[in-house]
There are 2 protein chains.
Amino acid sequence: MKNLIKLVDEHLDKYLGICYPEEIFKAMKYTLMLPGKRLRPVMCLETVRMLGSDINKAFPMACAIEMLHVQSLIHDDLPCMDNDDFRRGKPSNHKVFGEANAVLAGDALLTFAPQLIIEKSDNLTTETVLKLIHEYTKFAGAYGLIAGQVVDIESEGGKLAKTAEETLDFIHLNKTAVLFRLAIRTGAIIANAEDKTINELDEFATKFGLAFQIYDDIMDEISTFDELGKTIGKDKNSGKLTYVSLYGLEEAKKKFSCLIEDCCDIIKKYNSEIFVEILNKLRDRILGV
Amino acid sequence: MKNLIKLVDEHLDKYLGICYPEEIFKAMKYTLMLPGKRLRPVMCLETVRMLGSDINKAFPMACAIEMLHVQSLIHDDLPCMDNDDFRRGKPSNHKVFGEANAVLAGDALLTFAPQLIIEKSDNLTTETVLKLIHEYTKFAGAYGLIAGQVVDIESEGGKLAKTAEETLDFIHLNKTAVLFRLAIRTGAIIANAEDKTINELDEFATKFGLAFQIYDDIMDEISTFDELGKTIGKDKNSGKLTYVSLYGLEEAKKKFSCLIEDCCDIIKKYNSEIFVEILNKLRDRILGV
């Protein structure tokens, strides 16, 4: 796991050089290179490995997913969105580079990610590269990540088109689960997996994504700033719809536990120490060892 | 020309349906469907036609370029950027949908454009589609459009890394010319043109882009709000670096005239009434008939 994180960091740093105008590349790199768990790229690489293929084929895709993730964080932190001053323990992008550059750095990451997939995937066929880009565009846009963010913002304003339960699931199926689905699906595509396998792993990724969001909501409730590196208790204070605010802490833990069990059931068919390690870490943190 | 504009409008409307969450699709469509000259998609389609290929192959790409163009307008108009309240004679996107939705609508257009190219280009080979997406990502990001916008913002703050002349050219080679280059290059790629032709047309597009920017700067100086549909004299009032502010009106007209002549010289080898019509319209407007 640590080794994979290090490899992802090295590739991110290598892929994104600093050109003129330096300010924008520095802004892109600033949030991208903040130390993180690199969970999404690691899961993409691990999917490739556990399906018997070479992870070196997957670094451009894995790094593109991290860039998309970071893009969404930079834009989410903007004053007109969540207005968050901290990210991964450091001042957020717009606090360092200004709002205009933060908007543009996000835009630039959003198009650099597919550019990277095209330019660095030498050992994949044209068909595979196009499939990867297609997955990227479907999950990154108004049918995926952005749909989740929009409904999240609407729900904060008290505007719900569906029940609170449906709305909350819609938000996080899109805002959170989508990136894990993208990571695992593209990993499976790079490994030339059959549709049946892709669909099964997609189910894993979807459930993992929801579990991860519940984990995040619970941590927001019970952690400190130093532990999370971002503003704490904000969701609670703003009356935001979360799994904890809607179901209560105990019920949220139960939901989390069920989803993690389902994930364990699916992944045990595959031989992956890393996925087991990730699932165990999340479970231990929430449910105690 | 009118016929092509109508076809572009019809395809834009058809390609982008309204799904849940409606607010984001409405925001995307609002600025996209404001009546415009559709210069970039028309030039893409006309390049395909004059090189002897079928324009029906090019509608997804042509519309993707308009989406990218509109994305850049929506983000440029934001309060943290140019802070413009009007666009094409109507309230700008963030005035209607709020800043958060305007940021997200731009993001969504930026990824919907390549998704559209992939999903609707049935009659192009996988290799061609991937080439188109590659051109799109190169020109849309920090090596193209965004580089121009960043240096534009920096120059407004009085920060120039190069001479004023070099800075102004850099801004508009990237901010303006890049979209015309993208339109014409991808048109040529769809028509399977040879590299020599692509390079010659790329030179045309580059010069046309600069001429178009000088045209825009001159119009900002001499027009009214009703004529342009956007705030007028803003560049002048903010002390912004423009071809008119740097070279004076007469010298700017001369530069414009030279570039248009060069464009005419290149395009006369090809049989295109539409390119000649566009060049003549711009020239007549600035230099008088």
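## The loop at B:R88

B:R88 sits in the loop between β1 (86-87) and β2 (90-91) of chain B. Strands (E, at least two residues) and helices (H or I, at least four residues) are DSSP runs, numbered from the N terminus. B:R88 is not a glycine, yet its phi is positive, about 50 degrees. With a relative accessible area of 23%, B:R88 is partly exposed. Here buried means under 20% relative accessible area, exposed means over 50%, and partly exposed lies in between (1.4 Å probe, protein chains only).

This is a predicted model: local features need pLDDT of at least 70, side-chain atom pairs count only at pLDDT 80 or more, and totals for chains, interfaces and linings use all residues. Residues are numbered from 1 along each chain as its sequence is written, chains are lettered from A and ligands numbered from 1 in the order in which they are written, and side-chain values use heavy atoms, with hydrogens and water left out.

## The loop at B:R38

B:R38 also has a positive phi, about 55 degrees, although it is not a glycine. Its place is the loop between α2 and α3 (39-50) of chain B. B:R38 is buried, with a relative accessible area of 1%.

## Cis peptide bonds

In chain A, a cis peptide bond joins A:Y20 and A:P21, with omega about -5 degrees. A:P21 lies in the loop between α1 (2-15) and α2 of chain A.

In chain B, the peptide bond from B:Y20 to B:P21 is cis, and omega is near -5 degrees. B:P21 lies in the loop between α1 (2-15) and α2 of chain B.

## The nonpolar core and A:M28

A nonpolar core is a set of buried Ala, Val, Leu, Ile, Met, Phe, Trp, Tyr and Cys residues joined through side-chain atoms within 4.5 Å. The largest one has 201 residues. Those with the most contacts inside it are A:M28, A:F204, A:F208, B:M28, B:F204 and B:F208.

Take A:M28. It is found in helix α2 (residues 22-32) of chain A. A:M28 counts as buried because its relative accessibility is 1%. Leaving out residues up to four places away in sequence, A:M28 touches A:L16, A:A105, A:A108, A:L109, A:F112 and B:A142. Contact means heavy atoms within 4.5 Å. A:M28 and A:F112 are 84 residues apart along the chain, and their C-alpha atoms are separated by 10 Å.

## Where the chains meet

The contact takes 50 residues from chain B and 50 residues from chain A. Together the two chains bury about 4,400 Å², with 76% of it on carbon and sulfur atoms. Buried area is the accessible area (1.4 Å probe) that two parts lose on being put together, summed over both. In chain B, B:Y20, B:L130 and B:Y143 lose the most area to chain A, together 16% of what that side buries.

On the side of chain B that touches chain A, the elements giving two or more residues are α2 (22-32), α4 (59-76), α6 (99-120), α7 (126-140) and α8 (145-156) of chain B. α6(B) gives the most, with 14 residues. By class, this side has 31 nonpolar, ten polar and nine charged residues. Ala, Val, Leu, Ile, Met, Phe, Trp, Tyr, Cys and Pro count as nonpolar, Asp, Glu, Lys and Arg as charged, and the others, Gly among them, as polar.

How many salt bridges link chain B and chain A? The count is zero. A salt bridge is a side-chain nitrogen of Lys or Arg within 4 Å of a carboxyl oxygen of Asp or Glu.
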